[in-house]
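Please look at the sequence and the structure first.

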Amino acid sequence: MRVLILGADGYLGWPTVMHLTSKGHTVAAVDNYLRRRICREENAEPLFEVPNLHQRAARWRAVSGCQVPVFIGDLMDWNFVQEVFQHFKPEAVVHYAEQPAAPYSMLNRRAATLTLQNNLLVTANIIFAVHEFCPEAQIVKIGTMGEYGTPNIDIEEGWITVDHHGRQHRFLYPRQASSLYHTTKIMDTDLLWFYVRTWNLRVTDLMQGPVYGLQTYESEQYDDLRPFFNYDELFGTVLNRFVVQAVADYPLTIYGQGGQTRGYLDINDTMNCVRLSLEKPAQKGELRIFNQFTELFSVRELAEKVQKVGRQFGLKVTLQNLKNPRKEAETHYYNPVHTGLLELGLEPHFLTDEMLAGMIEIVSTHKDNINPEIIFKGVRW
Ligand SMILES: NC(=O)c1ccc[n+]([C@@H]2O[C@H](COP(=O)([O-])OP(=O)(O)OC[C@H]3O[C@@H](n4cnc5c(N)ncnc54)[C@H](O)[C@@H]3O)[C@@H](O)[C@H]2O)c1
(Lines give C-alpha, C1' and ligand atoms only; values in the text may rest on other atoms or scores of the structure.)
Protein backbone atom coordinates (compact mmCIF):
# COMPACT_ATOMS: atom_id res chain seq x y z
CA MET A 1 0.00 0.00 0.00
CA ARG A 2 1.22 3.54 -0.75
CA VAL A 3 0.98 5.32 2.61
CA LEU A 4 1.55 9.02 3.14
CA ILE A 5 2.72 9.75 6.68
CA LEU A 6 1.98 13.32 7.76
CA GLY A 7 4.00 14.41 10.79
CA ALA A 8 6.69 11.85 9.94
CA ASP A 9 9.46 13.59 11.86
CA GLY A 10 7.57 13.22 15.14
CA TYR A 11 7.76 10.90 18.14
CA LEU A 12 5.29 8.49 16.51
CA GLY A 13 5.73 9.48 12.86
CA TRP A 14 9.34 8.39 12.36
CA PRO A 15 8.92 4.93 13.95
CA THR A 16 5.81 4.49 11.78
CA VAL A 17 7.87 5.18 8.65
CA MET A 18 10.29 2.42 9.63
CA HIS A 19 7.56 0.02 10.75
CA LEU A 20 5.39 0.27 7.64
CA THR A 21 8.32 0.07 5.20
CA SER A 22 9.71 -2.94 7.05
CA LYS A 23 6.31 -4.61 6.56
CA GLY A 24 6.47 -4.01 2.81
CA HIS A 25 4.44 -0.82 2.40
CA THR A 26 5.61 2.09 0.25
CA VAL A 27 5.81 5.23 2.35
CA ALA A 28 6.40 8.96 1.87
CA ALA A 29 7.27 11.20 4.82
CA VAL A 30 5.97 14.76 5.32
CA ASP A 31 6.80 17.28 8.05
CA ASN A 32 7.59 20.98 8.55
CA TYR A 33 9.65 20.56 11.78
CA LEU A 34 7.00 22.47 13.76
CA ARG A 35 7.62 20.27 16.78
CA ARG A 36 11.37 20.87 16.69
CA ARG A 37 10.80 24.62 16.30
CA ILE A 38 8.42 25.05 19.23
CA CYS A 39 10.55 22.83 21.49
CA ARG A 40 13.49 25.13 20.74
CA GLU A 41 11.41 28.29 21.26
CA GLU A 42 10.23 27.03 24.66
CA ASN A 43 13.67 25.71 25.70
CA ALA A 44 12.25 22.19 25.89
CA GLU A 45 14.83 20.24 23.93
CA PRO A 46 14.48 16.44 23.76
CA LEU A 47 16.74 14.09 25.74
CA PHE A 48 19.04 13.52 22.76
CA GLU A 49 19.46 15.07 19.34
CA VAL A 50 18.05 13.22 16.36
CA PRO A 51 19.12 13.67 12.73
CA ASN A 52 16.75 15.58 10.46
CA LEU A 53 14.18 13.73 8.37
CA HIS A 54 16.34 13.61 5.21
CA GLN A 55 19.25 12.21 7.20
CA ARG A 56 17.06 9.62 8.91
CA ALA A 57 15.55 8.53 5.59
CA ALA A 58 19.06 8.13 4.13
CA ARG A 59 20.22 6.15 7.15
CA TRP A 60 17.13 3.92 7.06
CA ARG A 61 17.70 3.27 3.36
CA ALA A 62 21.30 2.29 4.10
CA VAL A 63 20.34 -0.27 6.75
CA SER A 64 17.02 -1.56 5.35
CA GLY A 65 17.12 -0.90 1.62
CA CYS A 66 13.77 0.95 1.92
CA GLN A 67 13.55 4.23 0.07
CA VAL A 68 11.38 6.92 1.65
CA PRO A 69 10.75 10.18 -0.23
CA VAL A 70 10.73 13.19 2.10
CA PHE A 71 8.61 16.33 1.64
CA ILE A 72 9.37 19.26 3.93
CA GLY A 73 6.61 21.85 4.07
CA ASP A 74 3.61 23.15 5.95
CA LEU A 75 0.38 21.18 5.59
CA MET A 76 -1.55 24.38 6.31
CA ASP A 77 -0.33 25.53 2.89
CA TRP A 78 -2.74 24.19 0.24
CA ASN A 79 -0.18 24.54 -2.59
CA PHE A 80 2.22 22.29 -0.71
CA VAL A 81 -0.53 19.80 0.13
CA GLN A 82 -1.57 19.58 -3.53
CA GLU A 83 2.01 19.05 -4.63
CA VAL A 84 2.52 16.18 -2.18
CA PHE A 85 -0.76 14.40 -3.00
CA GLN A 86 -0.38 14.80 -6.77
CA HIS A 87 3.20 13.59 -6.67
CA PHE A 88 2.84 10.61 -4.31
CA LYS A 89 -0.73 9.47 -5.10
CA PRO A 90 -1.40 7.82 -1.72
CA GLU A 91 -3.71 4.86 -1.17
CA ALA A 92 -3.86 5.74 2.55
CA VAL A 93 -2.94 8.72 4.70
CA VAL A 94 -1.76 8.61 8.32
CA HIS A 95 -2.44 11.96 9.97
CA TYR A 96 -0.14 12.71 12.91
CA ALA A 97 0.62 16.31 11.88
CA GLU A 98 -0.66 18.36 14.79
CA GLN A 99 0.53 20.38 17.74
CA PRO A 100 0.10 17.51 20.23
CA ALA A 101 0.81 18.99 23.66
CA ALA A 102 -1.95 19.94 26.11
CA PRO A 103 0.28 22.12 28.36
CA TYR A 104 1.70 23.95 25.33
CA SER A 105 -1.83 24.72 24.13
CA MET A 106 -2.58 26.26 27.55
CA LEU A 107 0.64 28.29 27.78
CA ASN A 108 -0.58 31.61 26.37
CA ARG A 109 -2.75 33.08 23.60
CA ARG A 110 -0.07 32.66 20.94
CA ALA A 111 0.38 28.97 21.68
CA ALA A 112 -3.40 28.52 21.86
CA THR A 113 -4.05 30.08 18.47
CA LEU A 114 -1.14 28.22 16.89
CA THR A 115 -2.68 24.97 18.14
CA LEU A 116 -6.16 25.88 16.90
CA GLN A 117 -5.06 27.09 13.49
CA ASN A 118 -2.55 24.35 12.86
CA ASN A 119 -4.60 21.39 13.94
CA LEU A 120 -7.89 22.36 12.34
CA LEU A 121 -6.47 23.70 9.08
CA VAL A 122 -4.21 20.69 8.57
CA THR A 123 -7.12 18.33 9.15
CA ALA A 124 -9.32 20.32 6.76
CA ASN A 125 -6.60 20.38 4.07
CA ILE A 126 -6.14 16.62 4.33
CA ILE A 127 -9.88 16.07 3.96
CA PHE A 128 -9.98 18.33 0.88
CA ALA A 129 -6.90 16.68 -0.63
CA VAL A 130 -8.24 13.15 -0.16
CA HIS A 131 -11.60 14.16 -1.64
CA GLU A 132 -9.93 15.78 -4.66
CA PHE A 133 -6.96 13.51 -5.39
CA CYS A 134 -7.57 10.06 -3.86
CA PRO A 135 -11.20 9.63 -2.73
CA GLU A 136 -10.76 5.87 -2.21
CA ALA A 137 -7.86 6.38 0.24
CA GLN A 138 -8.46 5.84 3.93
CA ILE A 139 -7.49 8.56 6.40
CA VAL A 140 -6.10 7.09 9.62
CA LYS A 141 -6.28 9.95 12.07
CA ILE A 142 -4.75 9.93 15.53
CA GLY A 143 -7.22 11.34 18.00
CA THR A 144 -6.95 11.04 21.75
CA MET A 145 -8.74 9.37 24.63
CA GLY A 146 -8.68 12.88 26.12
CA GLU A 147 -11.56 13.78 23.80
CA TYR A 148 -13.94 11.89 26.08
CA GLY A 149 -12.71 13.46 29.31
CA THR A 150 -13.60 11.55 32.46
CA PRO A 151 -17.40 11.04 32.40
CA ASN A 152 -19.11 9.25 35.26
CA ILE A 153 -20.35 6.50 32.93
CA ASP A 154 -18.58 3.82 30.83
CA ILE A 155 -16.81 5.20 27.73
CA GLU A 156 -17.85 3.44 24.53
CA GLU A 157 -15.73 3.05 21.44
CA GLY A 158 -16.59 6.31 19.71
CA TRP A 159 -20.37 5.93 19.47
CA ILE A 160 -23.37 5.70 21.76
CA THR A 161 -27.03 4.97 21.11
CA VAL A 162 -29.29 7.41 22.92
CA ASP A 163 -32.79 6.39 23.90
CA HIS A 164 -34.93 9.54 24.18
CA HIS A 165 -38.70 9.73 24.63
CA GLY A 166 -39.11 6.26 23.20
CA ARG A 167 -36.95 6.83 20.11
CA GLN A 168 -33.29 5.88 19.49
CA HIS A 169 -30.42 7.43 17.57
CA ARG A 170 -26.69 6.61 17.30
CA PHE A 171 -24.44 9.60 18.02
CA LEU A 172 -20.76 10.26 18.50
CA TYR A 173 -20.07 9.53 22.17
CA PRO A 174 -20.23 12.85 24.13
CA ARG A 175 -16.90 14.59 24.31
CA GLN A 176 -15.65 17.08 26.90
CA ALA A 177 -11.93 17.68 26.91
CA SER A 178 -9.85 19.30 29.63
CA SER A 179 -7.37 21.26 27.49
CA LEU A 180 -7.49 23.34 24.32
CA TYR A 181 -5.32 20.80 22.50
CA HIS A 182 -7.78 18.02 23.32
CA THR A 183 -10.63 20.30 22.24
CA THR A 184 -9.01 20.67 18.79
CA LYS A 185 -9.03 16.89 18.55
CA ILE A 186 -12.78 16.90 19.23
CA MET A 187 -13.19 19.47 16.48
CA ASP A 188 -11.10 17.27 14.15
CA THR A 189 -13.45 14.37 14.81
CA ASP A 190 -16.45 16.59 14.05
CA LEU A 191 -14.85 17.76 10.79
CA LEU A 192 -14.09 14.20 9.76
CA TRP A 193 -17.61 13.02 10.62
CA PHE A 194 -19.16 15.88 8.67
CA TYR A 195 -17.15 15.05 5.53
CA VAL A 196 -17.65 11.30 5.93
CA ARG A 197 -21.39 12.00 5.78
CA THR A 198 -21.03 14.53 2.98
CA TRP A 199 -18.35 13.03 0.75
CA ASN A 200 -18.39 9.35 1.66
CA LEU A 201 -14.82 9.43 2.96
CA ARG A 202 -13.22 6.39 4.56
CA VAL A 203 -11.85 7.28 8.02
CA THR A 204 -10.45 5.54 11.08
CA ASP A 205 -10.09 7.86 14.09
CA LEU A 206 -7.87 6.32 16.75
CA MET A 207 -8.56 7.61 20.27
CA GLN A 208 -5.09 7.06 21.61
CA GLY A 209 -3.95 7.21 25.22
CA PRO A 210 -0.52 8.51 26.30
CA VAL A 211 2.28 6.52 24.65
CA TYR A 212 5.48 5.42 26.39
CA GLY A 213 8.81 4.03 25.23
CA LEU A 214 11.80 5.15 23.25
CA GLN A 215 12.47 2.40 20.85
CA THR A 216 10.63 0.12 18.48
CA TYR A 217 11.69 -3.21 17.04
CA GLU A 218 12.98 -1.43 13.93
CA SER A 219 15.30 0.90 15.89
CA GLU A 220 16.63 -1.71 18.34
CA GLN A 221 19.97 -2.05 16.60
CA TYR A 222 20.32 1.59 15.55
CA ASP A 223 20.55 4.21 18.30
CA ASP A 224 20.47 7.03 15.73
CA LEU A 225 17.08 5.89 14.43
CA ARG A 226 15.28 6.26 17.76
CA PRO A 227 12.49 8.82 17.87
CA PHE A 228 13.10 12.03 19.74
CA PHE A 229 12.13 11.83 23.38
CA ASN A 230 10.81 14.76 25.41
CA TYR A 231 10.80 14.75 29.20
CA ASP A 232 9.87 18.38 29.89
CA GLU A 233 6.51 19.47 31.24
CA LEU A 234 5.25 20.87 27.94
CA PHE A 235 5.92 18.04 25.51
CA GLY A 236 6.81 14.94 27.54
CA THR A 237 4.15 12.35 28.34
CA VAL A 238 3.82 11.23 31.94
CA LEU A 239 5.58 7.87 32.06
CA ASN A 240 8.44 9.03 29.82
CA ARG A 241 8.87 12.00 32.17
CA PHE A 242 8.83 9.87 35.32
CA VAL A 243 11.58 7.64 33.96
CA VAL A 244 13.80 10.64 33.25
CA GLN A 245 13.00 12.16 36.65
CA ALA A 246 13.99 8.88 38.33
CA VAL A 247 17.31 8.79 36.49
CA ALA A 248 17.96 12.49 37.28
CA ASP A 249 17.21 12.01 40.99
CA TYR A 250 14.34 14.50 40.66
CA PRO A 251 11.22 13.70 42.76
CA LEU A 252 8.46 12.26 40.54
CA THR A 253 5.97 15.08 39.98
CA ILE A 254 2.52 13.72 40.87
CA TYR A 255 -0.15 16.35 40.25
CA GLY A 256 -2.56 16.52 43.18
CA GLN A 257 -3.65 13.17 44.57
CA GLY A 258 -2.45 11.24 41.50
CA GLY A 259 -5.74 9.40 41.02
CA GLN A 260 -6.01 10.63 37.39
CA THR A 261 -6.53 7.39 35.46
CA ARG A 262 -5.86 6.98 31.74
CA GLY A 263 -5.30 4.24 29.19
CA TYR A 264 -1.63 3.83 28.20
CA LEU A 265 0.22 1.96 25.48
CA ASP A 266 3.71 0.94 24.41
CA ILE A 267 5.00 2.73 21.30
CA ASN A 268 5.25 -0.66 19.56
CA ASP A 269 1.51 -1.06 19.99
CA THR A 270 0.90 2.33 18.33
CA MET A 271 2.80 1.00 15.31
CA ASN A 272 0.69 -2.14 15.20
CA CYS A 273 -2.63 -0.34 15.76
CA VAL A 274 -1.93 2.05 12.89
CA ARG A 275 -0.77 -0.75 10.57
CA LEU A 276 -3.77 -2.96 11.40
CA SER A 277 -6.11 -0.02 10.76
CA LEU A 278 -4.47 0.51 7.36
CA GLU A 279 -4.48 -3.14 6.36
CA LYS A 280 -8.11 -3.67 7.44
CA PRO A 281 -9.63 -0.33 6.41
CA ALA A 282 -12.92 1.37 7.20
CA GLN A 283 -15.65 1.19 4.54
CA LYS A 284 -16.48 4.11 2.25
CA GLY A 285 -18.80 6.45 4.16
CA GLU A 286 -17.68 5.04 7.52
CA LEU A 287 -16.11 6.87 10.45
CA ARG A 288 -14.66 3.98 12.42
CA ILE A 289 -13.44 4.78 15.92
CA PHE A 290 -11.20 2.66 18.13
CA ASN A 291 -10.02 3.37 21.65
CA GLN A 292 -6.28 2.86 21.37
CA PHE A 293 -4.69 1.82 24.65
CA THR A 294 -3.85 -1.46 26.32
CA GLU A 295 -3.88 -0.87 30.11
CA LEU A 296 -5.30 1.60 32.62
CA PHE A 297 -3.12 3.21 35.28
CA SER A 298 -3.47 6.10 37.67
CA VAL A 299 -0.61 8.60 37.81
CA ARG A 300 0.26 7.36 41.30
CA GLU A 301 0.40 3.75 40.09
CA LEU A 302 2.80 4.75 37.31
CA ALA A 303 5.00 6.61 39.78
CA GLU A 304 5.07 3.60 42.11
CA LYS A 305 6.03 1.26 39.26
CA VAL A 306 8.91 3.55 38.24
CA GLN A 307 9.97 3.80 41.89
CA LYS A 308 10.03 0.02 42.30
CA VAL A 309 12.08 -0.67 39.17
CA GLY A 310 14.28 2.42 39.65
CA ARG A 311 15.27 1.21 43.10
CA GLN A 312 16.44 -2.08 41.57
CA PHE A 313 18.95 0.11 39.68
CA GLY A 314 20.08 1.78 42.92
CA LEU A 315 18.21 5.00 42.12
CA LYS A 316 16.62 6.86 45.05
CA VAL A 317 13.29 7.68 43.31
CA THR A 318 11.11 9.75 45.63
CA LEU A 319 7.50 10.73 44.94
CA GLN A 320 6.18 14.26 45.42
CA ASN A 321 2.53 15.35 45.41
CA LEU A 322 2.42 18.84 43.91
CA LYS A 323 -0.51 21.23 43.97
CA ASN A 324 -2.23 20.37 40.71
CA PRO A 325 -1.57 23.12 38.15
CA ARG A 326 -4.39 21.80 35.92
CA LYS A 327 -8.17 21.84 36.14
CA GLU A 328 -8.95 18.14 36.15
CA ALA A 329 -10.59 15.51 38.35
CA GLU A 330 -7.99 13.87 40.59
CA THR A 331 -10.20 10.92 41.48
CA HIS A 332 -12.92 9.75 39.13
CA TYR A 333 -14.73 6.84 37.52
CA TYR A 334 -12.98 5.57 34.37
CA ASN A 335 -14.06 2.55 32.38
CA PRO A 336 -13.42 2.80 28.63
CA VAL A 337 -14.13 -0.05 26.21
CA HIS A 338 -11.14 -1.10 24.08
CA THR A 339 -11.95 -4.23 22.15
CA GLY A 340 -11.94 -3.02 18.53
CA LEU A 341 -8.19 -3.11 17.96
CA LEU A 342 -7.85 -6.45 19.76
CA GLU A 343 -10.46 -7.80 17.34
CA LEU A 344 -8.41 -6.45 14.42
CA GLY A 345 -5.50 -8.55 15.70
CA LEU A 346 -3.53 -6.36 18.14
CA GLU A 347 -1.30 -8.39 20.48
CA PRO A 348 -0.55 -5.93 23.28
CA HIS A 349 2.80 -5.27 24.92
CA PHE A 350 2.26 -4.61 28.61
CA LEU A 351 4.08 -2.32 31.03
CA THR A 352 6.29 -4.94 32.66
CA ASP A 353 9.23 -4.35 34.99
CA GLU A 354 11.49 -5.45 32.09
CA MET A 355 10.01 -2.78 29.83
CA LEU A 356 10.61 -0.11 32.47
CA ALA A 357 14.12 -1.41 33.13
CA GLY A 358 14.89 -1.13 29.41
CA MET A 359 13.71 2.49 29.39
CA ILE A 360 15.75 3.33 32.49
CA GLU A 361 18.87 1.79 30.91
CA ILE A 362 18.56 3.82 27.71
CA VAL A 363 17.72 7.06 29.53
CA SER A 364 20.69 6.52 31.88
CA THR A 365 23.06 6.57 28.90
CA HIS A 366 21.86 10.15 28.24
CA LYS A 367 21.82 11.23 31.89
CA ASP A 368 24.30 14.05 31.29
CA ASN A 369 21.88 15.70 28.85
CA ILE A 370 19.04 16.02 31.38
CA ASN A 371 18.24 19.63 32.19
CA PRO A 372 16.36 19.61 35.54
CA GLU A 373 15.13 23.17 34.95
CA ILE A 374 12.73 22.08 32.19
CA ILE A 375 11.16 19.20 34.11
CA PHE A 376 8.55 21.30 35.91
CA LYS A 377 7.45 24.81 34.98
CA GLY A 378 3.94 24.75 36.45
CA VAL A 379 1.85 25.77 33.43
CA ARG A 380 -1.50 26.51 35.04
CA TRP A 381 -5.04 26.34 33.77
N1 LIG B 1 2.45 10.81 21.86
C2 LIG B 1 1.33 10.51 22.51
O3 LIG B 1 1.35 10.00 23.63
C4 LIG B 1 0.00 10.76 21.85
C5 LIG B 1 -1.17 10.35 22.53
C6 LIG B 1 -2.40 10.57 21.94
C7 LIG B 1 -2.47 11.18 20.69
N8 LIG B 1 -1.33 11.58 20.06
C9 LIG B 1 -1.46 12.21 18.74
O10 LIG B 1 -0.63 11.51 17.83
C11 LIG B 1 -0.09 12.42 16.86
C12 LIG B 1 1.43 12.28 16.84
O13 LIG B 1 1.91 12.59 18.16
P14 LIG B 1 3.45 12.72 18.46
O15 LIG B 1 3.63 12.47 19.90
O16 LIG B 1 4.22 11.92 17.47
O17 LIG B 1 3.66 14.28 18.18
P18 LIG B 1 4.88 15.01 17.46
O19 LIG B 1 4.77 16.47 17.73
O20 LIG B 1 6.15 14.35 17.84
O21 LIG B 1 4.59 14.71 15.93
C22 LIG B 1 3.76 15.52 15.12
C23 LIG B 1 4.58 15.93 13.91
O24 LIG B 1 3.74 16.67 13.02
C25 LIG B 1 4.46 17.75 12.51
N26 LIG B 1 3.53 18.81 12.13
C27 LIG B 1 2.68 19.50 12.94
N28 LIG B 1 2.02 20.44 12.23
C29 LIG B 1 2.44 20.31 10.96
C30 LIG B 1 2.15 21.02 9.75
N31 LIG B 1 1.32 22.08 9.75
N32 LIG B 1 2.74 20.64 8.60
C33 LIG B 1 3.63 19.61 8.59
N34 LIG B 1 3.97 18.92 9.70
C35 LIG B 1 3.38 19.28 10.87
C36 LIG B 1 5.39 18.18 13.65
O37 LIG B 1 6.52 18.90 13.21
C38 LIG B 1 5.77 16.84 14.28
O39 LIG B 1 6.96 16.32 13.76
C40 LIG B 1 -0.57 13.80 17.25
O41 LIG B 1 -1.67 14.15 16.46
C42 LIG B 1 -0.98 13.64 18.69
O43 LIG B 1 -2.00 14.53 19.02
C44 LIG B 1 -0.10 11.39 20.62
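## H10 against H12

Helix H10 (residues 299-312) and H12 have axes that come within 10 Å and cross at roughly 65 degrees. H10 and H12 therefore count as roughly perpendicular to each other. Helices (H or I, at least four residues) are DSSP runs numbered from the N terminus, and their axes are lines fitted to C-alpha atoms over the stretch in contact, with angles from 0 to 180 degrees between N-to-C directions. Angles under 35 degrees count as roughly parallel, over 145 as roughly antiparallel, 65 to 115 as roughly perpendicular and the rest as oblique.

The crossing of H10 and H12 is right-handed, a term used when the near helix is turned clockwise from the far one by less than a right angle. On the H10 side, Lys305, Val306, Lys308, Val309, Gly310 and Gln312 meet Asp353, Leu356, Ala357 and Ile360 of H12; contact means heavy atoms within 4.5 Å. These residues divide into 5 nonpolar, 2 polar and 3 charged. Ala, Val, Leu, Ile, Met, Phe, Trp, Tyr, Cys and Pro count as nonpolar, Asp, Glu, Lys and Arg as charged, and the others, Gly among them, as polar.

## About the model

The model is predicted: local features need pLDDT of at least 70 and side-chain atom pairs pLDDT 80 or more, while totals for chains, interfaces and linings use all residues. Residues are numbered from 1 along each chain as its sequence is written, and side-chain values use heavy atoms, leaving out hydrogens and water.

The axes of H8 (residues 238-247) and H12 (residues 353-365) come within 9 Å and cross at roughly 60 degrees, which makes H8 oblique to H12. Leu239, Asn240, Val243, Val244 and Val247 of H8 make the contact with Leu356, Met359, Ile360, Val363 and Ser364 of H12. Of these residues, 8 are nonpolar, 2 polar and none charged.

H8 and H10 have axes that come within 10 Å and cross at roughly 35 degrees, in a right-handed crossing. Here Val238, Leu239, Phe242, Val243 and Ala246 of H8 meet Val299, Leu302, Ala303 and Val306 of H10. The contact has 9 nonpolar residues, no polar and no charged.

## Around the ligand

The ligand is surrounded by 29 residues, the closest being Tyr11, Asp31, Arg35, Tyr181 and Lys185; a residue counts if one of its heavy atoms lies within 4 Å. An N or O atom in the side chain of Asp31 is 2.6 Å from a ligand oxygen atom. For the side chain of Arg35, the distance from an N or O atom to a ligand oxygen atom is 2.8 Å.

Key. Helix = DSSP H or I, 4+ residues; strand = E, 2+ residues; numbered from the N terminus. Polar contact = N/O pair within 3.5 Å; in protein donor to acceptor, adjacent residues only side chain to side chain.
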